Amino acid sequence: MDWDLTVTSRPRLLDINLRELIRYRDLVYMFFLRDFTTTYKQTVLGPLWYIINPLCSTVVFAFLFTGIAGIGTGGIPALLFYYGGTILWAFFSTCLNTASGIFLNNAGVFGKVYFPRLTVPIATTISATLKMLIQFAMLMVFLVFFIITGSPVRPGWMALLFPLMILWIGALGTGIGMIMSALTTKYRDLTQVLALALQLMMYVTPVVYPLSQIPQQFKTFFYINPVSAPMELFRIWFYGVGEVPLKMVMISLATTAAVVLLGLILFSRNERTCMDVI
């Protein structure tokens, strides 16, 4: 007799059933639709908030860091510099935050029915990606305007690799988030620690200032910060300004790979017992 579905134990350290994930692709779409539509449900402006929020942050950053503090942007127009940095950081932090709360926020669903738990972080990352792409489209409008008006910003052919950068940042944020999701089921205080750490991490990442403005004695912190490399590469690819050492890129890529692997292992192990703890 042939069975349609066989349920077995999962003794291996990392057991990802890709065939099962593909079979549940409709569920990924449903989770994605839920996350995307409920964010601004019953609001007047709806998805326009995806653009309004980074624009407001851009105005504030330009006023504080360029207007008052006098921090340069490396020749990049302030609107492009701060808006680009804001949407990339928001994408990273959204992937991290949503992935870190997977077990706590979906405990009601997880306790009732079986489905591959990995479908949830996949769906939340896709949702965050769509949000970022809407903001990125607005950035391209600004970029075309500044190019037409003679601003010295020159996108290079490497900008075509932007989808890989999305994958890079999304994997990094989601990987860290999955590690935190496995830990926060037992240690709830880590949710508060994570919120504080993200706020502090933003200021040791070249979001509101270029890497060239960092004193040499502090650059070690930016080398070990895996978000620094894609942030600066983005400005090089789209604005033609900046410089990223190859060593920094390699450290970031290696960190991303390690974080994703560790996140998958901890997530896989935690999904078996999370309902007993929550």
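1. Aromatic cluster. Phe136, Phe162, Phe234, Phe238 and Tyr239 are joined into a cluster by ring pairs. A pair here means rings of Phe, Tyr or Trp (its six-membered ring) with centres within 6.5 Å; planes under 30 degrees apart are stacked, over 60 edge-to-face, and the rest tilted. The search of the whole structure gives 15 aromatic pairs. In one of them, Trp89 and Phe92, the ring centres are 5.3 Å apart and the planes lie at 45 degrees, so this pair is tilted.

2. Basis of the numbers. This is a predicted model, in which local features need pLDDT of at least 70 and side-chain atom pairs count only at pLDDT 80 or more, while totals for chains, interfaces and linings use all residues. Residues are numbered from 1 along each chain as its sequence is written, and side-chain values use heavy atoms, with hydrogens and water left out.

3. Trp89 and Phe92. Both residues are buried (under 20% relative accessible area; exposed is over 50%, partly exposed in between; 1.4 Å probe, protein chains only). They sit 3 residues apart in helix H4 (residues 78-100), separated by about one helical turn. Helices are DSSP runs of H or I, at least four residues, numbered from the N terminus.

4. Surroundings of Trp89. The relative accessible area of Trp89 is 8%. Trp89 touches Leu198, Met201, Met202, Thr205, Val207, Val227 and Met231, leaving aside residues up to four places away in sequence. Contact means heavy atoms within 4.5 Å. Ile169 is 80 residues from Trp89 along the chain, yet their C-alpha atoms are separated by 9.1 Å.

5. The salt bridge. How many salt bridges does a search of the whole structure find? It finds 1. The side chains of Glu232 and Arg235 form a salt bridge, at 2.9 Å from N to O. The criterion is a side-chain nitrogen of Lys or Arg within 4 Å of a carboxyl oxygen of Asp or Glu. The two residues are 3 apart in helix H11 (residues 228-239), about one helical turn. Both ends are buried: Glu232 has a relative accessible area of 3%, and Arg235 has 2%.

6. Arg235 again. Arg235 also lies over the face of Phe81, 4.0 Å from the ring centre. The test asks for NZ of Lys or CZ of Arg within 6 Å of the ring centre and within 35 degrees of the ring normal.

7. Helix H2. This helix (residues 25-38) has 14 residues and reaches 20 Å from first C-alpha to last, close to the 20 Å expected at 1.5 Å a residue. The expected span is 1.5 Å times one less than the number of residues. Leu27, Val28, Phe31, Phe32 and Asp35 are buried in H2. They cover an arc of only 140 degrees around the axis, which puts them on the same side of H2. The arc is taken from the directions from the helix axis to the C-beta atoms. Asp26 and Met30 are exposed on the other side.

8. Cover over H2. Helix H7 (119-148) is among what covers the buried residues of H2. Thr119 lies in H7 and is buried at 0% relative accessibility. Beyond four places in sequence, Thr119 touches Leu21, Tyr24, Leu27, Val28 and Phe31.

9. Helix H12. The 25 residues of H12 (residues 246-270) should span 36 Å at 1.5 Å a residue, and the end C-alpha atoms are 36 Å apart, which agrees. Its buried residues include Met248, Val249, Gly263 and Asn270.
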